[in-house]
Amino acid sequence: MVEKREPKKGQGVPKETLEQNSIGDLQAILTERLPEGHWAKLPEELDERGFFEASMQQQVRILAAASVALLGPRNDRAELIPALAVSPMEKVRGVAAFAVPLAYPGDLEAQLAGLRFTGALPGTWPRELSATVLHNLIIELGVASVLHLVQDWTLDPEPAVRRLVVESYRPRGVMLAHISELKQDPEPLRRILEPLLDDGSDYVRKSVANNINDVSHDNPEVALAWAKEWLAPDATPERQWILSRALRTLVNQGNPVALQILGYTSASDLELIWHDTIPKEVEINQLLTFDFDILNPTDAEAFVILLLTMDAPGKGMARRTSRYQIWKGKIGASGSRKVRKKIHFVDKSTQAKEPGIYRLIVTLNGENLGEREMSFWR
């Protein structure tokens, strides 16, 4: 019997709508903190600016711009930032980040001080939007123009501030324009990454690892050279974790240097048994079960990563590739490990599964050790 399961669908990050929005919360805090502003006109001002038709991030920009426009003659723009920062509504606190460049136009040092403040506010919205504003400033003004002013943020006692500078300087970022200057030459990043390799905050370490992983996409030789240099025998557990996560893309690609740096056992010293549990034809929402035995016949502990690549039909003649980590861990000398993994064959929210032949390729420590095919038809 085919095992199937309907996909779980979360709400995601909602846009502002007529029925559900933060306009009332914004009005409330501004009326309380800056009572001379024309806050009763906020809905009208937003409507004129096409608020509900805008993209999610653009909506926050519009909220900030509308707030500046309605301040009133006796209020200073800079007063907006502390007023928004004390809102109990996380999204309203996020508006403070986009208010920073509006409060200090042309004053880079004041903008950076404002972003250092908003980037440490509680909540995902203010922190991520502060990183967005700083990221865009770096693109606009150039890497070096900003770097010497924010480098000491890596010494800040607040983890959110340390993360802010690292996240803002990611060459690729998340849903942001790429920093072409850093994709061509990532060397300036050393100045903010090296001081944080042993950071005690998981929040910061994740950002450092993601930054180096960005580098590995465009400059794999640089990321590998850094890892070799930084991963000394006495490296702290924090540094080991960062560099293991930082090289994940190269490991998934089977890069032999990355695997060697991280201490993975040579695949030629291991054995893999792939049990035949994959159907010849698959249905949408089906749970595919993968069963393996990994054998370590050597007299030393083995460090192992088992990956699955799904080479799938795309539009026309194109193909799509998805990778799944089946298992990662250690197997004792002369030991073995049974591995079972279920993968949900579902339509993605932005990309439906295309009919055709799907190739399944299993990779053990960088070497392809098995391949199967299955077909899918609507």
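Okay, before anything else, one definition: when I say buried, I mean a residue with under 20% relative accessible area. And keep in mind that this is a predicted model.

Let's start with helix α7, residues 124-141. Which of its residues are buried? W125, P126, R127, L129, S130, A131, T132, V133, L134, H135, L137 and I138. What covers them? The cover includes α3 (56-69), α5 (90-103) and α6 (108-118), and also α8 (143-150), α9 (159-168) and α12 (202-218).

Now, how does the length of α7 work out? The helix has 18 residues, and at 1.5 Å a residue it should span 26 Å.

Staying with α7, let's go to the largest pocket. Its volume is about 580 Å³. There are 19 residues lining this pocket, and the closest to its centre are Q57, E128, T132, V174 and M175. The elements giving two or more residues to the lining are α3, α7, α9 and α12. Which of them gives the largest share of the lining? That's α7, with 6 residues. And T132, one of the residues closest to the pocket centre, is also on the list of buried α7 residues.

Over to the strands. As a reminder, strands of a sheet pair through backbone hydrogen bonds, either parallel or antiparallel. Here we have an open sheet of 3 strands in the order β1-β3-β6, with antiparallel pairing. The edges are β1 (271-275) and β6 (335-345), each pairing on one side only. From one strand to the next, the twist averages 20°. Between β1 and β3 there are 5 bridges, and if you want one to click on, L272 has I294 in β3 as its bridge partner.

Last stop: two asparagines with a positive phi, though neither is a glycine. N285 has a phi of about 75° and sits in the loop between β2 (281-282) and β3 (286-296). N365, with a phi of about 50°, is in the loop between β7 (356-364) and β8 (367-376).

So are these two buried or exposed? N285 has 11% relative accessibility, so it counts as buried. N365 is at 6%, so it is buried too.

That's my tour, thanks.

Note on methods
Residues numbered from 1 in each chain as written. Predicted model: local features only at pLDDT ≥ 70, side-chain atom pairs only at ≥ 80, totals over all residues. Heavy atoms only, no water. Helix = DSSP H or I, 4+ residues; strand = E, 2+ residues; numbered from the N terminus. Buried < 20%, exposed > 50% of the residue type's maximum accessible area, 1.4 Å probe, protein only. Expected span 1.5 Å × (residues − 1). Contact = heavy atoms within 4.5 Å. Pairing = 2+ DSSP bridges. Axes fitted to C-alpha atoms, helices over the stretch in contact; angles between N-to-C directions. 1 Å grid on protein atoms, 1.4 Å probe; cavity = no way out; pocket = protein on both sides within 12 Å on 5 of 7 lines; lining within 4 Å. Points joined across faces, edges and corners; volume = space filled by probe spheres on them.
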